[in-house]
Amino acid sequence: MASDATQQVAGVYHRRVGEITVTALNDGHQDVALSTVHGIPTEEAAAMLHAAFRPVPRRTTVNAFLLRSGGRVALVDTGCGPARPTVGRVAANLAAAGVAAEAVDTVLMTHLHPDHWGGLLDADGRPRFSRAELKLHAEEHAYWHDDAAMMRLQDPATRQVFFVEARKRLAAYAGRMSLFTAGDVFPGVTAVPLPGHTPGHTGFLVASGRDSLLIWGDIVHVQELQVPRPEVVMAVDVDPARAAETRRRLFDRVAADRQAVAGMHLHFPALAHLARDGAGYRLVPDAWSLDLAGDAPRE
Ligand SMILES: [Zn+2]
């Protein structure tokens, strides 16, 4: 008799973009109270999740993405960090993908929230990516080092989690950190500023040959709510109105362009297209493909 299953196989999924290999690495999920969802009555949000057969409170998937391009290796975001019950699996999934942490030469950050920088340090507080250069948007670096912004938060514990801990992570990479505002950040990868969720929140457009994939960071946290209703915002949005406006503008563009997208909080493997649907949109997740080229429609 076969022994029973106790855990999933590795959360690793590859998709080629021209000559570049993108690998989605799952970190796990976080269940967060619906009170963190704004711009929609709580009962309505609960009803939408119920209709989508999703748990309430809202469940947010966490992912990072590995890029292999021209002999170089980049990791986009790092997940929540050392393993806890439902998160912190990026390091294990990176190993399962056959990539050593030392092989990562660049870490690209979409923004500086704990579910993105958590994996920069290992459980002993040492930089996990000992050879990597850390790259982030200049405004993101400035915001999380702004004492006035920090003091606008009333709760000292919140200041600690968001500001003090972020500074600690960056300090561990001092001397091998660089700031960008837009443009090329890695072979075949362009930084696309998408401000609102945080001031320096950034997407990364991966392009090679005629194929491309936009890693849109935290444009969506709860796909069942924010895809049909782009005006739905999160309590952690630094500028909620701007976050919603950026989301609307980006949705409009990726739907019109049939642009393939990937998201830190889309359900794994977190690759999809976006289609217009009435006043809102509809997410069309990629189907599992044995072929690394994926099943995205080609012209
Ligand atoms: Zn996030």
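This briefing covers the nonpolar cores and the salt bridges of the structure above. The model is predicted. Its largest nonpolar core holds 41 residues, and a second, separate core holds 31. The count of salt bridges comes to 13.

**Nonpolar cores**

- Within the largest core, the residues that touch the most other members are Phe65, Leu67, Ile215 and Trp216.
- Helix α8 (residues 240-257) supplies the largest share of this core, namely four residues.
- Among the contacts of leucine 67, leaving aside residues up to four places away in sequence, are Val22, Val76, Leu108, Phe186, Val206 and Ile215.
- Leucine 67 also touches Thr21 and Arg72.
- Members of the second core include Leu25, Leu112, Met150 and Phe162.

**Salt bridges around arginine 229**

- Arginine 229 pairs with glutamate 44, with their closest N and O atoms 2.7 Å apart.
- This pair joins distant parts of the chain, 185 residues apart: glutamate 44 belongs to helix α1 (residues 42-51), and arginine 229 to the loop between α7 (223-226) and β13 (233-234).
- Arginine 229 also forms a salt bridge with glutamate 231, at 2.7 Å from N to O.
- Glutamate 44 is partly exposed at 34% relative accessibility, as are arginine 229 at 21% and glutamate 231 at 32%.
- Through shared partners, salt bridges connect Glu44, Arg229, Glu231 and Arg248 in one network.

- Lysine 168 and glutamate 165 form a salt bridge of 3.2 Å, N to O.
- These two residues lie about one helical turn from each other, because they are three residues apart in helix α6 (residues 156-171).
- Lysine 168 is partly exposed, at 44% relative accessible area, whereas glutamate 165 is buried, at 16%.

Notes: Residues are numbered from 1 along each chain as its sequence is written. This is a predicted model: local features need pLDDT of at least 70, side-chain atom pairs count only at pLDDT 80 or more; totals for chains, interfaces and linings use all residues. Side-chain values use heavy atoms; hydrogens and water are left out. A nonpolar core is a set of buried Ala, Val, Leu, Ile, Met, Phe, Trp, Tyr and Cys residues joined through side-chain atoms within 4.5 Å. Buried means under 20% relative accessible area, exposed over 50%, partly exposed in between (1.4 Å probe, protein chains only). Contact means heavy atoms within 4.5 Å. A salt bridge is a side-chain nitrogen of Lys or Arg within 4 Å of a carboxyl oxygen of Asp or Glu.
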